[in-house]
Amino acid sequence: MKLLRSNIIALAILLSVSGFGQGLKDYYKDYFPIGVAVTPQSLTGDEAELIKSQFNSLTAENVMKWEKIHPEEGRYDWEAADKIVAFAQANNLKVRGHCLVWHRQTPDWVFKDATKEILLQRMKEHITAVVSHYKGKIYAWDVVNEAIDDDGNYRESQWYKIIGKDYIAKAFEYAHEADRDAILFYNDYNMESAPKRQGINKLIQKLISASEPIGGIGIQGHWSINSSIADIEEATSMFTQFHLPVQITELDVSVYHHKSDPQSNYTPEMEERQIILYKSLFEFFRSNKKYITGVTFWNVSDRHSWLDNFPVKGRKNYPLLFDQQLKPKRAYFEVVKF
């Protein structure tokens, strides 16, 4: 009987991947949207069909970042990002904007000869232009990304060095002025680390106390098979105290421990540990649906992941729920089994 039930579940999942039956978005319709980070190239062929069958929210992996959408002063390149938004609208998918202010993937011209006043003006012009361009089409923005360093102090980025810590509040103010209906998130990684978590906690408290228009907290969720589910639960629970929406914005589960095992294969033992963590994560997410209002995977499948080259160049990783042939992995079965 158990074998028969397992076969029925497997058949249902395979049908959903082929465009029939239920996908992740359907299993989680009573919980939260299930999103995925995409490139314009993801929106054609078999990947597009998988996206439409499994997900109901999109995030642009790179093409809304400053260096792509605003590469030169006074020149914006909307084409690639517009394709993602158009695909989302055509298929009734939500869109998260990512990201407005970050210390990486920002072109050099932004900081060139910049005083505090000049840099604030450049930031305001950029945020106003981008958020206004997508007003009514993007429901949430990662406004400031990774402003706190791993030791819990402010990251000494060019933004911080030139403007000071107030650049964070200003970014939220400018975004809110451009679209008062968009939900504005602070987004960061490694929140399961106590020092960083405490630093982010202080930042969020400060923004709320100053009545800044922060609307949510984004936990990136770049975890690995070595991550502690207890630490993840503790970190996430800490941020629910603010009674703001919490979203898992960039979820993947690496099969490696950072830079270790530079040439390892995807072993059965790695897969088992990945399955256990994915199962535990989604059990926790479901139990906290009051606060967790979205979960977004960072890339579509193991066919392509940003972790294929980071932090070890050329190392293949297998961090997602779909394999290189876009078929559901065993972890998928556990995520939808509840």
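**Reading backbone, strands and helices**

Guide: Let us begin with a loop. This is a predicted model, and Gln-105 lies in the loop between strand 3 and helix 6 (116-133).

Visitor: What is the phi of Gln-105?

Guide: The general idea is that most residues other than glycine have a negative phi. Gln-105 has a phi near 50°, a positive value in a residue other than glycine.

Visitor: What should I note about the phi of Asp-113?

Guide: Asp-113 is not a glycine, yet its phi is positive, at about 55°. Asp-113 is also in the loop between strand 3 and helix 6.

Visitor: Is Asp-113 buried or exposed?

Guide: Asp-113 counts as exposed because its relative accessibility is 64%; the cut-off for exposed is over 50%.

Visitor: Where is a cis peptide bond found, and what is its omega?

Guide: As a general idea, most peptide bonds are trans. Here, a cis bond joins His-98 and Cys-99, with omega about -15°. Cys-99 belongs to strand 3. The peptide bond from Phe-310 to Pro-311 is cis as well, and its omega is near 0°. Pro-311 is placed in the loop between strand 9 and helix 12.

Visitor: Let us turn to the strands. How many bridges join strand 1 to strand 2?

Guide: To describe a strand pair, one states the direction and the bridges. Strand 1 (residues 34-38) and strand 2 run parallel and are joined by four bridges. Within strand 2, Ala-60 is the residue opposite Val-38. Between these strands the chain passes through helix 3 (residues 45-54), and this β-α-β crossover is right-handed.

Visitor: In what sense do strand 2 and strand 3 pair?

Guide: Strand 2 pairs with strand 3 (residues 94-101) in the parallel sense, over three bridges. For Ser-57, the bridge partner in strand 3 is Lys-94.

Visitor: How should I read Asn-299, and is it buried or exposed?

Guide: Asn-299 is in the loop between strand 9 (292-297) and helix 12 (330-335). Its relative accessibility is 2%, so Asn-299 counts as buried; the cut-off for buried is under 20%. Leaving aside neighbours within four places in sequence, the contacts of Asn-299 include Val-36, Ala-37, Glu-61 and Trp-306. The C-alpha atoms of Asn-299 and Gly-35 are 9.6 Å apart, although 264 residues separate the two along the chain.

Visitor: Finally, at what angle do helix 9 and helix 10 pack?

Guide: For a helix pair, one states the angle and the distance between the axes. Helix 9 (residues 194-209) packs against helix 10 (residues 229-239) at about 10°, and their axes are 11 Å apart. The two helices are therefore roughly parallel to each other, since angles under 35 degrees count as such. Helix 9 contributes Arg-197, Gln-198, Ile-200 and Asn-201 to the contact, and helix 10 contributes Asp-231, Glu-234, Ala-235, Met-238 and Phe-239. By class, this contact has four nonpolar, two polar and three charged residues.

Methods
Residues are numbered from 1 along each chain as its sequence is written. This is a predicted model: local features need pLDDT of at least 70, side-chain atom pairs count only at pLDDT 80 or more; totals for chains, interfaces and linings use all residues. Side-chain values use heavy atoms; hydrogens and water are left out. Axes are lines fitted to C-alpha atoms, for helices over the stretch in contact, and angles run from 0 to 180 degrees between N-to-C directions. Angles under 35 degrees count as roughly parallel, over 145 as roughly antiparallel, 65 to 115 as roughly perpendicular and the rest as oblique. Contact means heavy atoms within 4.5 Å. Ala, Val, Leu, Ile, Met, Phe, Trp, Tyr, Cys and Pro count as nonpolar, Asp, Glu, Lys and Arg as charged, and the others, Gly among them, as polar. Two strands pair if DSSP finds at least two bridges between them. A crossover is right-handed if, with the strands pointing away from the viewer, the path from the first strand over the helix to the second runs clockwise. Buried means under 20% relative accessible area, exposed over 50%, partly exposed in between (1.4 Å probe, protein chains only).
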